[in-house]
Amino acid sequence: MLNWLYPITCQLCGEAAEASLCEACLQTLPRVPRPICLYCGAPVAGEQIDAYHCPACAGKLRPFELARSALLTDDRVMPLIHELKYHRGIHLAAAFTPLLHQLWEETPELAHYHQAALVPVPISPLHLRKRGYNQAEEIALPLAKSLGMKLIQPLVRQDTGIESQTYLSASARMKNALAAYAAKKEYQEGRRVLPDKLVLIDDVFTTGATVRACAAALKKLPGVQKVAVMTLLRVSR
């Protein structure tokens, strides 16, 4: 009855759809082009001497095994991400699930993570109070259901006095992120045990500082051996 009274339409083309983004529009959004660095997932131009070491990740902390992203930025994607992240566009999280599920199936390296758990990157208590939700968790929930995997939230974001990393340099982002993310006490003390493989979920990969800090925190926990990263968006630099 609700669908009849308030039919769902695609946010891009305006046509009737089963979700806020129709399949046709989803398939036209810009994917991360190949070839990519097999470590950080950054698109690379020309020949690359080491498939697991590109300029985007050179000299940086390497606590995760691989990172992959579904989309690149353009004038259609960015308004959708901003709505999801800042304007209560929670309905878009499930609309993007088919893209992330497809990315999972197209990434052979993730075959080893079929018994892993998804871990959304946490946001600060201040942001949670302002927004009322964590966009990474909203992305992870339908993806976990689609993949038939568990979702676990062992991390917290601590207050560093810096509300947003948006305007920080890459080195400042990393320093702030390492201070910001930590595991909950019950996981640190081993009272709650995690699977040996985990997949971090976030909305955007910019410099990678956030997911590197989160992966480093997870790798310190008992039993955790491997951490992969999946994000909806990759910001090219």
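In which sense do β6 and strand β7 pair, and over how many bridges? The model is predicted, so to speak of local features requires pLDDT of at least 70, side-chain atom pairs count only at pLDDT 80 or more, and totals for chains, interfaces and linings use all residues. Residues are numbered from 1 along each chain as its sequence is written, and side-chain values use heavy atoms, with hydrogens and water left out.

To the question, then: β6 and β7 (residues 226–234) pair in the parallel sense, over 8 bridges. Strands here are DSSP runs of E with at least two residues, helices are runs of H or I with at least four, and both are numbered from the N terminus. Pairing requires at least two DSSP bridges between two strands. Within this pair, Asp 202 has Thr 231 of β7 as its bridge partner. From β6 the chain passes through helix α10 (residues 209–219) to β7, a right-handed β-α-β crossover; that is, with the strands pointing away from the viewer, the path from the first strand over the helix to the second runs clockwise.

Strand β2 (residues 117–120) also pairs with β6 in the parallel sense, over 4 bridges. There, Val 119 has Leu 200 of β6 as its bridge partner.

How many of the residues of β6 are buried? For β6 (residues 197–205), the count is 9 of 9, where buried means under 20% relative accessible area with a 1.4 Å probe, protein chains only.

Terms used: Buried < 20%, exposed > 50% of the residue type's maximum accessible area, 1.4 Å probe, protein only.
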